[in-house]
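Please examine the sequence and the three-dimensional model shown below before reading on.

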Amino acid sequence: MTTATMCERGQITIPKQFRDKLGFRPGMVFVFKPEGKSLKMSVQPKKRSPFDEAYGCLKGVFGDITTDELIREMRGC
């Protein structure tokens, strides 16, 4: 069993073996949920912006034509 000690500011270091195994990286956001006398910790899913959601939504609408080819076609060049 691995242990960690909480400091005065309430911080606990997650042991490296678990960080590596679970892929925890600096900047990740975690969610904590009390369950009886235990605490469940999980990674909060990344929030996607509306731009991320829309990215690629028109892929294939105009076939395999590139943007430059589409503009040339629209301009009649």
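## Basis of the report

This is a predicted model, in which local features need pLDDT of at least 70 and side-chain atom pairs count only at pLDDT 80 or more, while totals for chains, interfaces and linings use all residues. Residues are numbered from 1 along each chain as its sequence is written, and side-chain values use heavy atoms, with hydrogens and water left out.

## Overall form

The chain contains three helices and two strands. Their order along the sequence is α-β-β-α-α. Here helices (H or I, at least four residues) and strands (E, at least two) are DSSP runs, numbered from the N terminus.

The radius of gyration of the chain is 24 Å, whereas a compact globule of 77 residues would have a value near 11 Å. This radius is taken over C-alpha atoms, and the globule rule is 2.2 Å times the number of residues to the power 0.38. Along the principal axes, the C-alpha atoms occupy a box of roughly 70 × 25 × 25 Å.

## Burial, contacts and charges

Of the 77 residues, 3% count as buried; buried means under 20% relative accessible area, exposed over 50%, and partly exposed in between (1.4 Å probe, protein chains only). The accessible surface comes to about 7,800 Å², and carbon and sulfur atoms hold 56% of it. Such areas come from the Shrake-Rupley method with a 1.4 Å probe; for residues, only the protein chains shown count as cover.

Among contacts with a separation of 6 or more, 3% are between residues 24 or more positions apart. A contact means heavy atoms within 4.5 Å.

The chain carries 14 positive and 9 negative charges, whose mean positions are 12 Å apart. Lys and Arg count as positive and Asp and Glu as negative, without His and the chain ends; the place of a charge is NZ of Lys, CZ of Arg, CG of Asp or CD of Glu.

## The hairpin

Strand β1 (residues 30–35) and strand β2 (residues 38–43) run antiparallel and are joined by six bridges. Two strands pair if DSSP finds at least two bridges between them. F30 stands opposite V43 in β2, and P34 stands opposite L39 in β2.

The two strands form a hairpin with two residues between them, and G36 in the turn has a positive phi of about 65°.

## Two residues in detail

A4 lies in the segment before α1 (16–22). With a relative accessible area of 42%, A4 is partly exposed. Not counting residues up to four places away in sequence, A4 touches I12 and T13. The C-alpha atoms of A4 and I14 are separated by 7.3 Å.

L22 lies in helix α1 and counts as exposed, at 52% relative accessibility.
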